[in-house]
Amino acid sequence: MSKNAEAWDDALPFDGPGAGPSPLEEGKVKREDDSPAFAAIRRIELLGRLHHMAFRNLLRENGMSPAQMGALRDIIQDPGMSQRELADRLHIQRATATVMLQKMEKAGYIDRRPDRSDQRISRIYPTDQGKMLAEENRKNVAAYFDRILSGVEPEEFRTMMHGLEVFRDNLREILDENPDPRP
């Protein structure tokens, strides 16, 4: 990135109610035996935490969680999908999807209707209110990402994406060699 690569701002404001210590505080403690690779991975982890906090705050303004917004986006793209299909698409338990959809229905973002041929199946449809909220959030998210990436040159972005793809492929290879024993 165009700024000094060694600069890492540890003084970001994380002093809201219940916020606790800054997730970057861990980054202040540099051990002499930390390799540059370890330091880079720690930065990626910390950026993930910061993004999660900021993104939740962005969506919270409209009363939705990131998971609900992702579900609403999928429902808008594929109206009439079943709850089971949505749960499978989001990689969540069906019971979790049911609770999430109950909240979204109560808020007026979706309608659930029984399937015409099989009354045991619920089909999910976005409401006009849900569509309007999704469009508003799409604009807010686009502005959020523009802000995050401000100052990053296109070539720097391409290099970063390539590096992240290499990390992803290497991690998948490691996981294929040592699969998670949990079901």
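What is the volume of the second largest pocket? The second largest pocket has a volume of about 250 Å³. A pocket is an open set of points on a 1 Å grid over the protein atoms alone, where a 1.4 Å probe fits, with protein on both sides within 12 Å along at least five of seven lines. Its volume is the space filled by probe spheres set on the points, which are joined across faces, edges and corners.

The model is predicted: local features need pLDDT of at least 70 and side-chain atom pairs count only at pLDDT 80 or more, while totals for chains, interfaces and linings use all residues. Residues are numbered from 1 along each chain as its sequence is written, and side-chain values use heavy atoms, without hydrogens and water.

Select M69, R73, A134, N137 and R138. Of the 14 residues that line the second largest pocket, these are the closest to its centre; a lining residue has an atom within 4 Å of a point. The elements that give two or more residues to this lining are α2 (36-60), α3 (66-77) and α6 (128-148). Helices are DSSP runs (H or I, at least four residues) numbered from the N terminus. The largest share comes from α6, with 7 residues.

**Second stop: N137**

Is N137 buried or exposed? N137, in helix α6, has a relative accessible area of 1% and is therefore buried (under 20% relative accessible area, with a 1.4 Å probe and protein chains only). Not counting residues up to four places away in sequence, N137 touches L59, N62, M64 and M69; contact means heavy atoms within 4.5 Å.

Next, select α3. Its buried residues are Q68, M69, G70, A71, L72, D74 and I75. The 12 residues of α3 should span 16 Å at 1.5 Å a residue, and the end C-alpha atoms are 17 Å apart, which agrees. The expected span is 1.5 Å times one less than the number of residues.

Select M104 and I110, which touch the most other members among the 20 residues of the largest nonpolar core. Such a core is a set of buried Ala, Val, Leu, Ile, Met, Phe, Trp, Tyr and Cys residues joined through side-chain atoms within 4.5 Å. Leaving aside neighbours within four places in sequence, the contacts of I110 include L72, I75, L101 and M104.

**Last stop: H91**

Finally, select H91, in the loop between α4 (83-90) and α5. H91 has 73% relative accessibility and so counts as exposed (over 50%).
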